[in-house]
Amino acid sequence: MPTESKSLTKLPSILVVGGAGYIGSHMVAYLRRAGFIPVILDNLSTGHQDAILDEKLVIGDITDAAFLDQIFASHHFAAVMHFASVIQVEESVKAPQKYYHNNVMGTLHLLNAMLKWKVNRFIFSSSAAVYGEPLYTPIDENHPVLPLNPYGHSKRMIEQMLEDYAHAYGLQFFSLRYFNAAGADPAGKLAERHEPETHLIPLVLRAAQDKTSITVFGRDYPTVDGTCVRDYIHVLDLCEAHLLALKTLIGGKQGGIYNLGTGQGYSVQQVIEIASCVTQRSISVLEGARRLGDPAILIADPKRAMRKLNWKPHYTELKKMIEDAWAMIRKPISP
Ligand code: UFG
């Protein structure tokens, strides 16, 4: 049975699925500042209750259709933002069932509850993983979608569902394909914390903090210094794009599929060097083999979002992203 930490109301609001997670919790704070009323739905499998200030938190799982029905029956949502998914590429190869169950089936239940309760605005966290191995960079939205693993497949399957629901039932949606989310809101409460952590920046900062090592997965890529290049985007810039997408849908305008990145790439080696400079610590590096399925270069062409959403990333310097992430790691978590 679902449990609730706060009472439910009938106020118009935004359902933030996965609102206790890294990007979701930043979005919740951003929505609140923009005058919306976020209601968080999270199963707390990877999210953190301490990331939530005084918003309503409904604890439960999107794979539970009866539970979703109860939530939609007791609220009037203006839109749904969906951040909840399992995200580890390697795990998805070993345990695809988990990815199709949580990501695809959970989202299907969510869309069906929206259909039943006539909520037709949806903003989905998609991923650059839908593109697979890039055929060219920077990657625009017309790049073929050829995911390489069940995680990427699950994101693409959901996008297909969204397109079909839009066609048949008039769903209005944005699918936002993130490149590499990074940083944190210095005024907030949540650093990037996944358990287990697999992402580069938090691992590099953890190595700096704990005086451990970071393993570089491959130095023989055809890049500037042999290490993989990624397009890191500040979490607050992601939030801004979501807010613009929400306002677009509420304004009755059309959604679509958009890349979210800065269009600028940094190598793994550059990340380590900048982190060392930000933390004022030397970071011990181990050399590892290539990680399976890592493309050499992933850089977004974000022009569509810039043109159509009037969005512009503000924190494009990796140093700023790392500084903000480091500040949050160093900040004691208040109860
Ligand atoms: N890396 C290391 N050492 C580590 C961790 C990562 O060298 O300990 C490297 C990776 O090989 C990669 C780069 O750092 O080249 C970035 O790796 P991350 O795991 O931080 O991020 P990814 O680019 O693998 O993943 C991101 C998103 C995924 C999404 C993927 C799309 O976090 O959700 O982009 O390809 F699926």
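Colleague: Is Lys118 buried or exposed?
Modeller: At 74% relative accessibility, Lys118 counts as exposed, where exposed means over 50% relative accessible area, buried under 20% and partly exposed in between, with a 1.4 Å probe and protein chains only. Please keep in mind that this is a predicted model, in which local features need pLDDT of at least 70 and side-chain atom pairs count only at pLDDT 80 or more, while totals for chains, interfaces and linings use all residues. Residues are numbered from 1 along each chain as its sequence is written, and side-chain values use heavy atoms, with hydrogens and water left out.

Colleague: Where does Lys118 lie, and what is its phi?
Modeller: Lys118 lies in the loop between helix 4 and strand 6, and its phi is near 55°, a positive value in a residue other than glycine. Helices (H or I, at least four residues) and strands (E, at least two) are DSSP runs, numbered from the N terminus.

Colleague: And what about Leu44?
Modeller: Leu44 is not a glycine either, but has a positive phi of about 55°; this residue sits in the loop between strand 3 (38–42) and strand 4 (56–59), and with 23% relative accessibility it counts as partly exposed.

Colleague: Which peptide bond is cis?
Modeller: The bond from Thr137 to Pro138 is cis, with omega near -10°, and Pro138 is found in the loop between strand 6 (121–127) and helix 5.

Colleague: Switching to helices, how do helix 4 and helix 5 pack?
Modeller: Helix 4 (residues 96–116) and helix 5 (residues 150–169) pack at an angle of about 20°, with their axes 9 Å apart, the axes being lines fitted to C-alpha atoms over the stretch in contact and the angles running from 0 to 180 degrees between N-to-C directions. The two helices are therefore roughly parallel to each other, since angles under 35 degrees count as roughly parallel, over 145 as roughly antiparallel, 65 to 115 as roughly perpendicular and the rest as oblique.

Colleague: Which residues meet there?
Modeller: Among them are Tyr99, Val104 and Leu108 in helix 4 and Met157, Ile158 and Leu162 in helix 5, where contact means heavy atoms within 4.5 Å. The residues of this contact divide into 15 nonpolar, 5 polar and no charged; Ala, Val, Leu, Ile, Met, Phe, Trp, Tyr, Cys and Pro count as nonpolar, Asp, Glu, Lys and Arg as charged, and the others, Gly among them, as polar.

Colleague: At what angle do helix 6 and helix 10 cross?
Modeller: The axes of helix 6 (residues 200–210) and helix 10 (residues 318–330) come within 10 Å and cross at roughly 55°, and these helices are therefore oblique to each other. Residues that meet include Leu205 in helix 6 and Trp326 in helix 10, and the contact divides into 8 nonpolar, 1 polar and 1 charged.

Colleague: Now strands: how many bridges pair strand 6 and strand 7?
Modeller: Strand 6 and strand 7 pair in the parallel sense over 7 bridges, where two strands pair if DSSP finds at least two bridges between them. The bridge partner of Arg121 in strand 7 is Gln172, and 6 of the 7 residues of strand 7 (residues 172–178) are buried, so this strand is largely enclosed by the rest of the structure.

Colleague: What is the strand order in the open sheet of 3 strands?
Modeller: The order is 13-10-15, with mixed pairing. Strand 13 (266–267) and strand 15 (297–298) stand at the edges with a single partner strand each, so one side of each is left without a neighbour in the sheet. Strand 10 (residues 229–230) and strand 13 run antiparallel and are joined by 2 bridges.
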